[in-house]
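Work through the exercises below with the sequence and the model open. Each task is followed by its solution in steps.

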Amino acid sequence: MTTPTSPTTGAGAGAQVKSAVRTVELLEYFAGHTGMHSLAEVQEQTGYPKSSLYMLLRTLVELGWVETDATGTRYGIGVRALLVGTSYIDGDEVVAAARPTLDRLADDTSETIHLARLDGTNVVYLATRQSQHSLRPFTRIGRRLPAHSTSHGKALLATYSDEQVRRLLPAELEPLTEHTHTDREMLIEELREIRERGYAVDREENTLGLRCFGTAIPYRTPARDAVSVSVPIARLTPGREQMIRDALLDARERLTLATRHL
């Protein structure tokens, strides 16, 4: 990406912006591709000139944002990225306000609880409470999933108009399981139902054997954050499903009060 020069910026400032963009894109690449990667692999994926890519990587290694293996020829995300990510969570007002409600919802349901935020077409986990059962989904803070395949993602998309969803999502959606919506218009039909009942259901659309219930927190419109409960199908009886839905909607009311000042 090039920035046009102007009397106030000049070519040097434009080059600095370009370097900053490349730095961020490189860190995002490592964040989305776990493990260690060779210079040739990174260059192939990013398309950056190899010489400038090497110098950028060496700078990021020196600063702790990127790490190398014992040979010094393979690269991965560094510890400073963790420090920044942790500070984001620690300083987030919604996460802080939601903690008592997340704890109560986990106690009431004994299932896995997630607080997630919409980021483009994805949701990112901001907080989680692990299930008390041995059979439970694996989750981690910072995990990113397509919004159209998750209950909290669909609950958040339902706070947008149909036209806004059409502008946000492609016509063909990525399938994560055989149950995932792959047609945007079919998803939009479900979003209309979600608006009416106040919560969304992920019916094994993201993970086989797992059903999730999610609802948006309406402290802003469209909503940005949502809470969900994840339950293995093997443990989900009709009576338990109703109990979880009731607990989730009760949590929404508590979260609405807790975030009303934000």
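**Exercise 1.** State which elements each supply at least two residues of the lining of the largest pocket, and which gives the most.

Solution. α1 (10-32), α4 (79-91), β4 (112-119) and β5 (122-129) each supply at least two lining residues. α4 gives the most, with seven residues. Helices (H or I, at least four residues) and strands (E, at least two) are DSSP runs, numbered from the N terminus. The model is predicted: local features need pLDDT of at least 70, side-chain atom pairs count only at pLDDT 80 or more, and totals for chains, interfaces and linings use all residues. Residues are numbered from 1 along each chain as its sequence is written, and side-chain values use heavy atoms, with hydrogens and water left out.

**Exercise 2.** Describe the lining of the largest pocket by residue class.

Solution. The lining has 29 residues, with A31, A81, G85, G142 and R144 nearest the pocket centre. By class, 15 are nonpolar, eight polar and six charged. Here Ala, Val, Leu, Ile, Met, Phe, Trp, Tyr, Cys and Pro count as nonpolar, Asp, Glu, Lys and Arg as charged, and the others, Gly among them, as polar.

**Exercise 3.** Is I233 buried, partly exposed or exposed?

Solution. First locate I233: the residue lies in the loop between β9 (225-232) and α9 (238-258). Its relative accessible area is 30%, so I233 is partly exposed (buried means under 20%, exposed over 50%, partly exposed in between; 1.4 Å probe, protein chains only). Finally, I233 and R203, 30 residues apart in sequence, are 9.2 Å apart in space, C-alpha to C-alpha.

Definitions and conventions. 1 Å grid on protein atoms, 1.4 Å probe; cavity = no way out; pocket = protein on both sides within 12 Å on 5 of 7 lines; lining within 4 Å.
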